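Work through these exercises with the model open beside you. Try each task before you read its solution.

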Amino acid sequence: MKNITLQFKKKYEAKEPISVLTCYDYTFAKLFNETDIDCLLVGDSLGMVIQGNDSTLPVTLDEIIYHTKAVCKGAPSKTIIADLPFLSYQTSVEEGIRSAGRILKETNASCIKLEGDSDLILEQTKRMTEAGIPVFAHLGLTPQSVHTLGGHRVQGKTESSQTRMIQKARELTEAGAFALLLEMIPEELGKKITESISIPTIGIGAGRYTSGQVLVMQDVLGLNPDFAPKFLKKYANLAEAVKTAANLYHKEVSKGEFPSDTNVFS
């Protein structure tokens, strides 16, 4: 298990941007383990990009643990962040600690991430930190609250909501969070929050002034051509490469070209 708190602190103090990428399986984790990416996040976004749901809400704690185990095996050199899924911590402080404890006990994850800024979340952040569980906080668009937020919309657009988010960021810092994810907020607000707290901020659609960035693996690799929000930059077009390879395989099987002499046993 890596000391993610120390790693983030060192990069933050050195003013070196932190790169985070989501990952959900052993094969991609093994590839990312051989890259310069700082951290891998096993996000409950797997509910959408792996399971095909329209939100993160159906993801269970057991599923997060399953995927986190696989990622940790594939990327032993990376720090691994694991999401606490919906209803694994919102019911009570004790339930949240048990859920977080299961993740750390049953996987090799470095920390957990939870969403929100309620009094319960603040108390959980404090208690988990005291129990030795590093907490990665999350403000802005919090997907587990998508129904109360009115969908996947930019948050913090009014003066009152911005003031509240800055205050909650400070409270989460005081409660012991070692880092804060900011999702889909105006760039200026991302800058203000980053400047007002003493822990790193990791942005996704939060502008250029956060301490680092996170994106979903499938989006970075261009595996979902139909998904192109403003905050996303695609660094590859693997969707076409995958389809080309599959069609070539089909063609060779259909023509009897595969398997060839080199692919059979004597």
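**Exercise 1. A loop serine**

Leaving aside neighbours within four places in sequence, which residues is Ser45 in contact with?

*Solution.* Start with the ground rules. This is a predicted model: local features need pLDDT of at least 70, side-chain atom pairs count only at pLDDT 80 or more, and totals for chains, interfaces and linings use all residues. Residues are numbered from 1 along each chain as its sequence is written, and side-chain values use heavy atoms, with hydrogens and water left out.

Step 1: locate the residue. Ser45 sits in the loop between β2 (39–42) and α3. Helices (H or I, at least four residues) and strands (E, at least two) are DSSP runs, numbered from the N terminus.

Step 2: list the partners. Contact means heavy atoms within 4.5 Å. Outside its sequence neighbours within four places, Ser45 is in contact with Thr22, Tyr24, Thr56 and Val216.

Step 3: check the cover. Buried means under 20% relative accessible area, exposed over 50%, and partly exposed in between (1.4 Å probe, protein chains only). Ser45 has a relative accessible area of 16%, so this residue is buried.

**Exercise 2. A helix threonine**

Find Thr68 and decide: buried or exposed?

*Solution.* Thr68 belongs to helix α4 (residues 61–74). The relative accessibility of Thr68 is 0%, so the residue counts as buried. Now look at what Thr68 touches. Not counting residues up to four places away in sequence, the list is Val42, Ile80, Ala82, Thr107 and Ala109.

**Exercise 3. Check a helix and its sides**

Step 1: the buried side. Ile121, Leu122, Gln124, Thr125 and Met128 are buried in α6. They cover an arc of only 160° around the axis, so they lie on the same side of α6. The arc is that of the directions from the helix axis to the C-beta atoms. Why does spacing matter here? An α-helix has 3.6 residues a turn, so residues three or four places apart point the same way.

Step 2: the cover. The buried residues of α6 are covered by elements including α5 (93–106), β4 (111–113), β5 (135–140) and α8 (159–175).

Step 3: the other face. Turned away from the buried side are the exposed residues Asp119 and Glu130.

Step 4: the end. Just after α6, Gly132 takes a positive phi of about 90°.

**Exercise 4. Salt bridges**

How many salt bridges does the count come to?

*Solution.* A salt bridge is a side-chain nitrogen of Lys or Arg within 4 Å of a carboxyl oxygen of Asp or Glu. By this rule the count is twelve. Take three of them in turn.

- Lys113 pairs with Asp83 (2.8 Å, N to O). This pair links distant parts of the chain: Lys113 in strand β4 and Asp83 in strand β3 (residues 79–83), 30 residues apart. Both Lys113 and Asp83 are buried.
- Asp117 pairs with Arg164, with the closest N and O atoms 2.5 Å apart. Asp117 is in the loop between β4 and α6, and Arg164 is in helix α8, 47 residues apart. Asp117 is buried at 18% relative accessible area, while Arg164 is partly exposed at 43%.
- Glu171 pairs with Lys168, with the closest N and O atoms 3.3 Å apart. Both lie in helix α8, three residues apart, about one turn of the helix.
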